[in-house]
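Please keep the sequence and the model at hand while reading.

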Amino acid sequence: MDADVVVIGLGSAGSMALWQLAKRGLDVIGIEQFGVGHARGSYAGDSRLFRSAVHEGPRYVPRLRRARELWLELERETGRHLYDECGALQIGAAGSGGIAKSIASAEEFGLPHEVLDAAALRARYPQHRVDDDTVAVFDRHAGSLYPEASVLAAVEAARSHGARIITNAEVTDFDERGGRLEIVTPDVRVTCAKVVVATGSWTLRLRPDLKGFLQILPLSLTWFMPHHPEWFTAEHFPAFIRDADGVHLYGTPSHDSYSVKVATEPLWAAISGPDDVPVFSRADLRRISSWAADFIPDLNPEPVRYSMHHDIFAPGDLPLVDLDEDTGMLLLTAFSGRGFKFAPVFGELAADLLTGTRNELWDPGFALSAHPR
C-alpha cells in the first residue's frame with residue numbers, strides 16, 4: 001500500500017491534518033490504533049472550550065480566529081453540529097494577570113467582548129458566586145465544542161475527499177525503503193513520502209528520543225447536577241474559566257439537560273503512559289466537589305459522573321508542529337491540555353508545511369529546535 005502522506009493518529013490534530021491534506025488533493029492514508037472517535041483520546045469528554053480572547057496572550061489570537069473559521073467550515077461541509085457559540089466568561093480578581101491579558105488580547109484585535117464588574121456579573125449570571133473584587137471578561141466569539149463529533153466529522157470530510165482510513169492498527173516502527181518511508185503495523189505496511197506523527201500521549205512510543213522532554217499528565221473531568229437545570233443551558237450559561245484563591249476551574253453549559261461539566265487544571269503527577277492514569281480517590285472527588293459548589297452554589301456537590309484522561313505536555317506549553325525535511329516526518333503533538341480549540345488550524349499548518357505552502361500562522365517557536373531541552 002502506498003500514499004503521498006500517512007497520518008498516524010486520528011485524534012484532535014491528526015483528523016484535521018487528514019482533512020486538510022485530502023482537501024488539497026494529496027493521496028493520504030490515516031492510521032488509527034483504535035477506532036475513529038474512540039474514548040481514550042485526550043479530546044474525549046463531551047465538550048471543550050473555545051475562546052478567542054485568551055489569557056495565554058495575544059500571540060495566540062490570530063490562530064484562534066483562523067481556527068474559528070475552520071470550525072465553522074467543517075460544520076458546513078459535514079452538516080454536523082460541532083460548536084455552540086454561547087460565549088465564554090473568564091472570571092477572576094480585578095487586575096489579575098489573566099484578566100489583564102484577556103482584555104489586552106480582545107482590545108488589540110478588536111474582538112467582541114465586555115468587561116463586567118461584580119455587580120453586573122451577579123445580575124446577568126447569578127449562577128456564579130463572586131466576591132466584590134471579581135471581574136469577568138465576556139468573550140462573544142467563544143463557546144463549547146463537541147470533540148468526539150468533531151474528530152468523526154474531520155475524518156468523514158477527509159474520506160469524502162479521497163482519504164483512506166486504517167483503524168485498529170498500531171504503528172510499531174518506521175523504516176526506509178527505496179528512498180521512501182515505510183510505516184509498519186502488525187497487519188499492513190504502508191510506504192509514503194512523508195508522515196505526520198499525531199499520536200498525542202502515545203508520541204513517546206514512536207519517538208523515545210523525546211522522553212525526559214515531553215511528559216504525560218493526567219487530566220480529570222467531572223459533571224455535576226444543578227438543582228435548576230434550566231439555568232445552565234447554553235442560552236443562559238456561557239462556558240467559563242475561573243481563578244480564585246489558588247483554584248482554577250473551567251466548564252461548559254449543560255449539553256445533556258441534567259449535568260454541567262466542571263474541570264480543574266492538572267492535579268496529579270506525571271505518568272509513564274496513557275495506561276497509567278490514576279483512579280479518583282474519594283478525597284479527590286470531595287476536593288473538586290467543594291470547589292465546584294463554592295463557585296457555583298446551585299450544583300449538587302456530588303459528581304454524577306467523572307473520568308480521567310491525559311495529554312502530553314512540552315516545556316513552556318508551546319506545541320510541536322515541526323517538519324524534519326531530511327526524514328519527511330512531521331511532529332504534530334504536545335498540545336499541553338490546550339490544543340483542541342486550535343485543532344483545525346494545527347491541521348492546516350501541518351498540511352501547509354508538507355506542501356511547502358507559506359502560512360504566517362506558523363510560529364518558529366513550534367519547532368522542536370526552539371523548545372528548551
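## Helix crossing

The axes of helix α1 (residues 12–23) and helix α8 (residues 343–355) come within 7 Å of each other and cross at roughly 50°, axes being lines fitted to C-alpha atoms, for helices over the stretch in contact, with angles from 0 to 180 degrees between N-to-C directions. That makes α1 oblique to α8, since angles under 35 degrees count as roughly parallel, over 145 as roughly antiparallel, 65 to 115 as roughly perpendicular and the rest as oblique. On the α1 side, S12, A13, M16, A17, Q20 and L21 make the contact, and on the α8 side A343, P344, G347, E348, A350, A351 and L354, where contact means heavy atoms within 4.5 Å.

## Basis of the model

The model is predicted, and local features need pLDDT of at least 70, side-chain atom pairs count only at pLDDT 80 or more, while totals for chains, interfaces and linings use all residues. Residues are numbered from 1 along each chain as its sequence is written, and side-chain values use heavy atoms, with hydrogens and water left out.

## Aromatic pairs

The structure holds 12 aromatic pairs, that is, rings of Phe, Tyr and Trp (its six-membered ring) with centres within 6.5 Å, planes under 30 degrees apart counting as stacked, over 60 as edge-to-face and the rest as tilted. One of them joins W268 and F280 edge-to-face, at 5.8 Å centre to centre and 85° between the planes. F280 also forms an edge-to-face pair with Y306, at 5.0 Å and 65°, and this pair links distant parts of the chain, 26 residues apart.

Methods. Helix = DSSP H or I, 4+ residues; strand = E, 2+ residues; numbered from the N terminus.
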